[in-house]
Structures are given as structure tokens and as C-alpha cells.
Amino acid sequence: MINGRIIFLLAMAPAWMCGQPVKLDSLDKLSEKASETVTVSLDGSLLKMASRFLSSDDPDQAQIKKIVAGLKGVYVRNFEFEKPGQYQQSDLEPIRNQLKDPKWKKIVEVRGRDNADVRLRQEDENTISGLAVIVAEATELTVVYIDGPVDMDGLSKLAGTFGIPEDIGSKVEKEKEKDKEKKPK
Amino acid sequence: MTEFEDQLRRALERKDPSAGFAARVMARTTQKKRPLPWVNWRSWTAAGIAAGLCLGALGLEVEHRRQVEQQEGQAAKAQLMQAMHITSAKLHQIHQRVRGRL
């Protein structure tokens, strides 16, 4: 019996080490209150399929094809509301709780009239295995979760065409340096 | 000699074939053989039609699957493009907010 449990734990270890995927299902109830809802759930197989239909001649599509190549999933929830107060911060708690894992590094946090968080999941110093973006505005709520090795350089190359900040990669580097400084010698 | 022996001798005695026997035998040997049922042209035609229908159905199924895959792929591509658009737009928005505060 004990041996069986040990074998099970050993078998599951790689999955746990790679990090649990973030589940966005808890947000789906908001679609009833939202005036517009965008739900994107693309797992690995659907990403591969979508990738096959991306044109290599179009620079944007070719870039996306490159970014998507190693990803395990792309999940987006976007809700637009008629008026403020249609959703609560507590609605985001299940998502934020999943991002409390120490592997999730806070890259950007904006607090004020609108709240925004950008977090990266790092397996080690050189491996980014996920990106989470939460933007909570008065009448709009957006949650993005990209599962897999996020190519920050690739994302930077989309800047200008897709509006991704060019220096987001350098922010990650700065965060790494901060972490190194914090570590006791 | 008994009557029975006479009858037996008459029954077994050599008799010449009737006139034209050889010609009739030769005529029968050159006659066309009756075709076997499975080599009948109708059977072959029916089998051909059935095979054609099967191939046609298979072709339609392959084409249907290809169309479904095409539709699913285009839908997945549209979703991916939309996801990337939303992600980049929101990251850009955050970037502008952060830059505005600096």
C-alpha cells in the first residue's frame, strides 16, 4: 500500500514540478452579467491545428506561429460590462490564489482606478513556463493565461504591430537581478 | 444353352455405332462451354458499380473530414489571433500606465 503511494507520488512528480495549469473556469459565471464576452481556450492540440493555418507569408502570423510553437495552451477571458460594479474583486480570488505559488513572479502590478498584474512562471532562472495577465477595469475584466515556454523576445518582436511593449523582456531580467540581490550570500 | 445364356450373349455382343456417331461426338466437343455464373458480365458490372459507390462514399467522407478540419483550423486560428490581440493590447495598456507613472 505504502509502496503504491510512493510509486504514484513519483509518477506524478514531473507533472507537479512543471506547474499546475491555471484554471479560469471560475470566471465563466460572469458571462451572464457581461454585455460582451470573449472566451478563448486553446489547448496544445488546438494550438497545433491553429498554427498549421497561420500563413508564413504574413509577418505577424509568422511571428505568432513561432511564439506558439512550444506552447501548451492559450486561455483568455474578456468580459465587457454595461456599468461598473458588475463584477467583484472576489471573483478574481480563485485565479489570484493559483498565482500564489512561488514559481509565479510578479513582473508588473498596477493599483488604482484600474488594477493590473503581469506574472511570469519561472521553473528556474532561464526557463519561463507561463504568463498570466489580469486587467481589472471598471467595466472590463481581462484574464490571460499562456501555458508553456513564453518566448519574450518573440513577444517583443510583435511590438508595433500588436502593441506588446518592446522592453518586457528587460523587465524580466531586472526582476532576476532583484531576486539575486535579495538572496543572502 | 439355356435361354438366359442366349439373352446375355445378345446383350453383350459387339454392336457398331449408329451412322454419324463420330460426327456428333466431334460436334459436341467443339460446342462452347456454358459460362460459369461468376464470370457473367452482369456480375462484373454489379461488382464494379458497388466498388465505385464504395470509393465514391469514401471520397465524400475524406472530403467531408477535410472540410471539417479546415473549418476547425480556421476557427482555432481566429481564436488564437484574437487571444494574441487581446494579450498584446492589454500588455500595451499596462505598459502605457506604468510609463505614465514613471
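**How chain B meets chain A, and how chain A is built**

In this predicted model, 27 residues of chain B are in contact with 42 residues of chain A, contact meaning heavy atoms within 4.5 Å. Between them the two chains bury about 2,900 Å², 74% of it on carbon and sulfur atoms. Buried area here is the accessible area (1.4 Å probe) that two parts lose on being put together, summed over both. Leu80(B), Met84(B) and Leu91(B) supply 21% of the area that chain B buries against chain A, more than any other three residues.

Residues are numbered from 1 along each chain as its sequence is written, and chains are lettered from A and ligands numbered from 1 in the order in which they are written. Because the model is predicted, local features need pLDDT of at least 70 and side-chain atom pairs count only at pLDDT 80 or more, while totals for chains, interfaces and linings use all residues; side-chain values use heavy atoms, with hydrogens and water left out.

By class, the side of chain B that touches chain A has 10 nonpolar, 11 polar and 6 charged residues. In this count Ala, Val, Leu, Ile, Met, Phe, Trp, Tyr, Cys and Pro are nonpolar, Asp, Glu, Lys and Arg are charged, and the others, Gly among them, are polar.

Next comes chain A itself. Chain A has 6 helices and 6 strands, which run α-β-α-α-β-α-β-β-β-β-α-α from the N terminus on. Helices (H or I, at least four residues) and strands (E, at least two) are DSSP runs, numbered from the N terminus. Of the 185 residues in chain A, 44% are buried; buried means under 20% relative accessible area, exposed over 50%, and partly exposed in between (1.4 Å probe, protein chains only). Among contacts in chain A between residues at least 6 apart in sequence, 63% join residues at least 24 apart.

Strand S4 of chain A, residues 115-124, is mostly covered, with 8 of its 10 residues buried. S4(A) pairs in the antiparallel sense with strand S3 (residues 104-110) of chain A over 6 bridges, where two strands pair if DSSP finds at least two bridges between them. Val108(A) has Val118(A) in S4(A) as its bridge partner, and the two strands form a hairpin with 4 residues between them. S4(A) also pairs in the antiparallel sense with strand S5 (residues 127-136) of chain A, over 9 bridges. There, the bridge partner of Gln122(A) is Ile128(A) in S5(A), and a hairpin through 2 residues joins S4(A) to S5(A).

Several salt bridges link side chains within chain A. Over all chains the count comes to 17 salt bridges. In one of them the side chains of Asp91(A) and Lys29(A) meet at 3.7 Å, N to O. Asp91(A) lies in the loop between strand S2 (73-80) and helix H4 (93-98) of chain A and Lys29(A) in the loop between helix H1 (2-17) and strand S1 (36-43), so the pair ties together parts that are 62 residues apart in sequence. Asp91(A) is buried, with a relative accessible area of 11%.

Lys106(A) and Glu109(A) form another salt bridge, at 2.9 Å from N to O. Lys106(A) is partly exposed at 36% relative accessible area, and Glu109(A) is partly exposed at 40%. Asp117(A) forms a salt bridge with Arg111(A), the closest N and O atoms being 3.2 Å apart. Asp117(A) is buried at 2% relative accessibility, whereas Arg111(A) is partly exposed at 36%. Salt bridges that share partners join Arg96(A), Lys106(A), Glu109(A), Arg111(A) and Asp117(A) into one network.

Lys100(A) sits in the loop between H4 and S3 of chain A and is exposed, with a relative accessible area of 60%. The side chains of Lys100(A) and Asn97(A) are joined by a polar contact of 3.0 Å.

How values were computed:
Salt bridge = Lys/Arg side-chain N within 4 Å of Asp/Glu carboxyl O. Polar contact = N/O pair within 3.5 Å; in protein donor to acceptor, adjacent residues only side chain to side chain.
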